[in-house]
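Have a look at it first.

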Amino acid sequence: MSAVHKPVLKWTLGGTGWAYFTWTSGEDTLRLRTSYVGDALKDLLRATLDLKLGSSATFTSFLGEPGGHRMFFSGIADHAMYVQIVRFDDLLSENNRWAGGVPCWTGRVSVPDFIEAVQAMAAAVLEEHGEEGYHRSWVEAPFPSRELALLQRKP
């Protein structure tokens, strides 16, 4: 059985309508560029909430127009899950969006540590930019406050 890692996550607004999501697990670090299309932070918070509520599998997307990454979560057992980050050349077309996926990272991650890392990452974005700053940088999309509040809610 492979080691179970505690992820470290960072969300960096890079300019109007794009951001970087940095994933560190073990000794590996990936930096994924994403755009406002698909609202990746909101999507990540929703997928994490699914995991917190007991889902056995889910995924989230980081759209880069037209390519990007998808992060898949599955195989949950003993408070750990299998995570796979896959790069796709085209995530926007109807005909080819799953074609040619290239795995970028795979491994096992602690579910509670992942949930905590996502909460901390989103809270840090809100603290740094505020609702207004996020709204301006993310092409007039609001900060996903509702999703963060649901994720932070105690069981």
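## Overall size

The protein chain has 155 residues, and a compact globule of that length would have a radius of gyration near 15 Å; the chain has 15 Å, so the two agree. (That radius is taken over C-alpha atoms, and the globule rule is 2.2 Å times the number of residues to the power 0.38.) Along the principal axes, the C-alpha atoms fill a box of roughly 45 × 40 × 30 Å.

Keep in mind that this is a predicted model: local features need pLDDT of at least 70 and side-chain atom pairs count only at pLDDT 80 or more, while totals for chains, interfaces and linings use all residues. Residues are numbered from 1 along each chain as its sequence is written, and side-chain values use heavy atoms, with hydrogens and water left out.

## Helices, strands and burial

The chain has three helices and eight strands, in the order β-β-β-β-α-β-β-β-β-α-α along the sequence. Here, helices (H or I, at least four residues) and strands (E, at least two) are DSSP runs, numbered from the N terminus.

How much of the chain is buried? Buried residues make up 43% of the 155. Buried means under 20% relative accessible area, exposed means over 50%, and partly exposed is in between (1.4 Å probe, protein chains only).

## A look at H1

Helix H1 has 13 residues and reaches 18 Å from its first C-alpha to its last, close to the 18 Å expected at 1.5 Å a residue. The expected span is 1.5 Å times one less than the number of residues. Its buried residues include Leu 41, Leu 44, Leu 45 and Leu 49. Just after H1, Gly 54 takes a positive phi of about 105°.

## Two salt bridges

Side chains of opposite charge can pair when their charged atoms come close. This structure holds two salt bridges, each a side-chain nitrogen of Lys or Arg within 4 Å of a carboxyl oxygen of Asp or Glu.

In one, the side chains of Arg 46 and Glu 147 meet at 3.3 Å, N to O. Arg 46 lies in H1 (residues 40-52) and Glu 147 in H3 (residues 145-152), so this pair ties together parts that are 101 residues apart in sequence. Arg 46 is partly exposed at 44% relative accessible area, whereas Glu 147 is buried at 6%.

In the other, Asp 89 pairs with Arg 87, with the closest N and O atoms 2.9 Å apart. Asp 89 is exposed at 53% relative accessibility, and Arg 87 is partly exposed at 33%.
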